[in-house]
Amino acid sequence: MRGLVVKNTGSWYQVKTDDGRLIDTKLKGSFRLKDIQSTNPISVGDHVLIEENPEGTALIYEIEDRKNYIIRRSSNLSKQSHIIAANLDQAFLIVTVNYPITTPTFIDRFLATTEAYSVPASIFFNKIDRYNEEDTEYMDALIHLYETIGYTCYKISASKDSDFSFMKDLLRDKITLFSGHSGVGKSTLINRLVPDINQKTQEISEYHNKGMHTTTFSEMIPLTEGGYIIDTPGIKGFGVFDMEGVEISHYFPEIFKFSHNCKFNNCTHRKEPGCAVREALKDHYISESRYKSYLSMLDDKNENKYREPQ
């Protein structure tokens, strides 16, 4: 029997079968996922084949090929990965320039990962009702940067805005990943979009200006207008996984554009002579923050370890 994995609680997977039933499942003992060392071999969004048992549960014995997925290095096991979600139509990164702070490094790592796995991404700047003049100027500068690169950005206030029809139009009939740090307002936003879902929300720690986890497992939330939101636990950092060092520049569109003019095909854009990327950086065609994010991802690979970006 075929089904869609709609919830992952860590030990159990809830599968929605093609005939509309929800069944709790576990992995069959012999199940192995080829080529990927992952802390979670099955992810929400996966299409799987299951066999039911008399107890009313089932075993997953096969996973269908994925069209894409979002993956990051596991923060606990540096040689393993964590698959955040699979078979996505788009990803919405929810960020806040304050309450809590989302750094450009985190944004860039997320965007590079969506580029690597062919998932269209948009950025939603939330909590604009709380920002002072300095916060707002910084947010506008970030929006100008990312829109210049080609990413669509939105300003929202999940707790104050009365009309989210524009977002419902964006979500209609699509499978959309919502991601971001804890405390940026993902759950509040989902409650506004799907009023009967009642996702738990929690205030950020004002002392540390960091969010506290409210979502504890990944879940696909069906939308009345068609499609799903994939809600995931808040994440602190995005470690590079399954990317070769020479490939990383490919996932920064503006760096990749100028890299065609570098003297050497395998230029890392650090110290090589004739580097067109560093020339573009000097001429402000590439931003300093994006270049630093690129270098930090290279360092992840070169040092063969994962460091949590701050």
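## A tour along the salt bridges

Start by selecting Arg270: with a relative accessibility of 29%, this residue counts as partly exposed. Partly exposed is the range between buried (under 20% relative accessible area) and exposed (over 50%), using a 1.4 Å probe and protein chains only.

Before you move on, note that this is a predicted model, in which local features need pLDDT of at least 70 and side-chain atom pairs count only at pLDDT 80 or more, while totals for chains, interfaces and linings use all residues. Residues are numbered from 1 along each chain as its sequence is written, and side-chain values use heavy atoms, with hydrogens and water left out.

**First stop: Arg270 and Asp299.** Asp299 belongs to helix 7 (residues 288–302), while Arg270 sits in the loop between helix 5 (253–259) and helix 6 (276–282), so the bridge ties together parts 29 residues apart in sequence. Asp299 is also partly exposed, at 21% relative accessible area. Here a salt bridge means a side-chain nitrogen of Lys or Arg within 4 Å of a carboxyl oxygen of Asp or Glu. Helices (H or I, at least four residues) and strands (E, at least two) are DSSP runs, numbered from the N terminus.

**Second stop: Glu64 and Arg2.** The whole structure holds 14 salt bridges. For another of them, select Glu64 and Arg2, whose closest N and O atoms are 2.7 Å apart. Which parts does this pair tie together? Glu64 is in the loop between strand 5 (58–63) and strand 6 (69–73), and Arg2 is in strand 1 (residues 2–8), so the link spans 62 residues in sequence. Glu64 is partly exposed at 25% relative accessibility, and Arg2 is partly exposed at 31%.

Now pick Glu219 and Lys7, where a salt bridge joins the side chains at 3.9 Å, N to O. Glu219 lies in strand 12 (residues 218–222) and Lys7 in strand 1, so this pair connects parts 212 residues apart in sequence. Is Glu219 buried or exposed? Glu219 is buried, at 18% relative accessible area.

**Last stop: confidence.** Colour the chain by pLDDT, the predictor's confidence in each residue from 0 to 100. The chain average is 87, and 84% of the residues score at least 70. Across residues 204–214 the pLDDT is below 50, and this stretch has 29 contacts (heavy atoms within 4.5 Å) beyond near neighbours in sequence. Residues 303–310 are also below 50, with 23 such contacts in the model. Where pLDDT is low, predicted coordinates should not be read in detail.
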